[in-house]
Amino acid sequence: MTEFTGPGLLAPVLSDNWDQARSWTLETYRNGGGYQALAKAWELKSQDEAAITNLVKESGLRGRGGAGFPTGLKWSFLPVPDGGPRYLVVNADESEPGTCKDIPFMMANPHLLIEGMAICMLAIGGNHGFIYLRGEVVHVYRRLLAAVREAREAGILGKGLGPNKDYDLDITVHAGAGAYICGEETALLDSLEGFRGQPRLKPPFPAVAGLYARPTVVNNVESIASVPGIIKHGVEWFTKMGEGTQNSRGHGLFSLSGHVKNPGQYEAPFGITMRELIDLAGGIREGHELKFFVVGGSSVPIWTAEHLDIPLGYEEVAGGGSMLATRAIQIFDETVSVVRVISRWTDFYQHESCGKCTPCREGTFWMRQIMHRLEQGKGQPGDVDLLHEIASNIAGRSFCALGDAAATPVLSGIEKFRAEFEQGYTTPWHEIYPAEKSALFNEVGAK
């Protein structure tokens with residue numbers, strides 16, 4: 001059983017075997033107690049079809065992909081079985097700037113994901129699961145294929161499984177074409193079916209008509225990988241982590257990048273603060289001080305030092321005016337231009353807009369033009385107000401959340417650093433942040 005080992009810390013769960021030799025193999029995973037939870041899940045299912053889902057509900061596990069929707073509740077939305085197929089789709093299309101937890105997890109411990117998928121399929125009465133992966137990460141794709149093959153050869157997946165030898169389980173690993181929009185669940189389903197990845201109109205929701213118009217559960221990698229621990233150790237074990245939050249139970253991977261001494265993946269219970277996480281990462285790099293950071297990737301409002309002691313739980317972060325999202329924490333010191341950072345993010349969202357709706361397709365283009373003017377010191381009077389107006393007309397009006405993701409950092413950046421944006425009327429960013437000071441300038445160069 002996992003035990004707390006200090007303030008804000010716990011013994012690893014998701015990252016438990018990352019430091020072991022050949023951690024990705026079935027042998028290593030089983031030596032550490034792997035697939036014991038699946039054996040218990042078979043027993044639970046034989047006793048009560050709803051037992052697994054009820055345990056996940058009781059645990060309070062919430063989706064780890066960004067929205068934080070209760071996982072067990074999502075599973076329970078599937079309609080009564082009608083004899084047709086029911087699917088599980090794991091969203092592994094991790095691609096937002098700064099988000100980098102699922103890829104190292106799948107490289108180090110793919111069998112935990114496979115075990116979680118098998119348990120979920122038992123819970124929903126499904127026989128086939130899909131892992132939708134970004135096509136660029138070929139090394140992860142190969143590792144997942146090898147792990148699925150090992151599971152088949154060991155009889156964990158295949159035909160005639162379970163106590164009565166009457167249940168089939170299988171997993172398909174699918175490599176997408178590298179479109180950020182396919183991180184949106186319905187665009188992912190369209191891509192998985194062979195169509196251009198664009199978001200669908202909802203309702204119907206995937207739980208009713210998802211993949212191939214059949215009931216489908218779509219969950220993030222970390223959400224599914226958290227399930228075996230709940231089944232194996234119990235609800236009380238899970239809920240003790242995150243007790244300091246309103247409704248954010250359990251543990252999670254926090255990805256720290258940017259200007260800390262030791263960037264990387266840190267596993268901690270929900271409720272840990274940014275100050276504690278930065279301390280775990282060795283603090284801000286020598287001779288510098290924190291300027292701003294984001295706690296959930298590039299799509300959430302910016303925070304500054306006044307927010308360092310807010311517990312990292314869904315409601316707590318929302319109360320502080322931001323979103324926990326994927327816990328992709330990017331940290332910037334005083335050498336960095338907030339205008340340049342947001343400009344790079346805007347480039348990304350404009351490039352990745354699928355073009356389906358006008359607010360996002362046109363709005364991101366015009367935000368990009370204005371951001372580049374301000375970045376180069378060629379801004380026109382009124383540009384900051386115009387930029388704010390454009391972003392405000394994208395937020396809440398786009399077909400899917402990509403528009404909100406593009407607008408949010410712009411709006412919060414202007415709110416907290418308006419003076420720096422207005423400097424872009426006369427002064428290029430690299431004169432405000434000279435080459436000898438700016439890490440971003442040294443890496444990328446001025447435009």
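How many nonpolar, polar and charged residues are in the lining of the second largest pocket? By class, that lining has 10 nonpolar, 12 polar and 3 charged residues. Keep in mind that this is a predicted model.

Let's stay with the pocket for a moment. The second largest pocket holds about 400 Å³ of space, and 25 residues line it. Lying nearest its centre are Val-13, Asp-16, Gly-32, Lys-232 and His-233. As for where the lining comes from, helices H1, H6 and H11 each supply at least two of its residues. H11 gives the largest share, with 4 residues.

Here are the helices behind that lining:

| Helix | Residues |
|---|---|
| H1 | 26-31 |
| H6 | 110-124 |
| H11 | 227-233 |

Now for the sheet. It's an open one of 4 strands, ordered E9-E8-E11-E10, and the pairing is mixed. At the edges sit E9 (264-269) and E10 (290-294), each pairing on one side only. From one strand to the next, the twist averages 30°.

Zooming in on one pair, strand E8 (residues 251-258) runs antiparallel to E9, and 6 bridges join the two. Within that pair, Phe-254 stands opposite Tyr-266 in E9.

There's a helix on this sheet too: H15 (residues 338-352) packs on it, touching both E10 and strand E11 (328-333). The direction of H15 makes about 20° with that of E10.

Conventions: Residues are numbered from 1 along each chain as its sequence is written. This is a predicted model: local features need pLDDT of at least 70, side-chain atom pairs count only at pLDDT 80 or more; totals for chains, interfaces and linings use all residues. Side-chain values use heavy atoms; hydrogens and water are left out. Two strands pair if DSSP finds at least two bridges between them. Axes are lines fitted to C-alpha atoms, for helices over the stretch in contact, and angles run from 0 to 180 degrees between N-to-C directions. Contact means heavy atoms within 4.5 Å. On a 1 Å grid over the protein atoms alone, a cavity is a set of points where a 1.4 Å probe fits but cannot get out, and a pocket is an open set with protein on both sides within 12 Å along at least five of seven lines; lining residues have an atom within 4 Å of a point. Grid points are joined across faces, edges and corners, and a volume is the space filled by probe spheres set on the points. Ala, Val, Leu, Ile, Met, Phe, Trp, Tyr, Cys and Pro count as nonpolar, Asp, Glu, Lys and Arg as charged, and the others, Gly among them, as polar.
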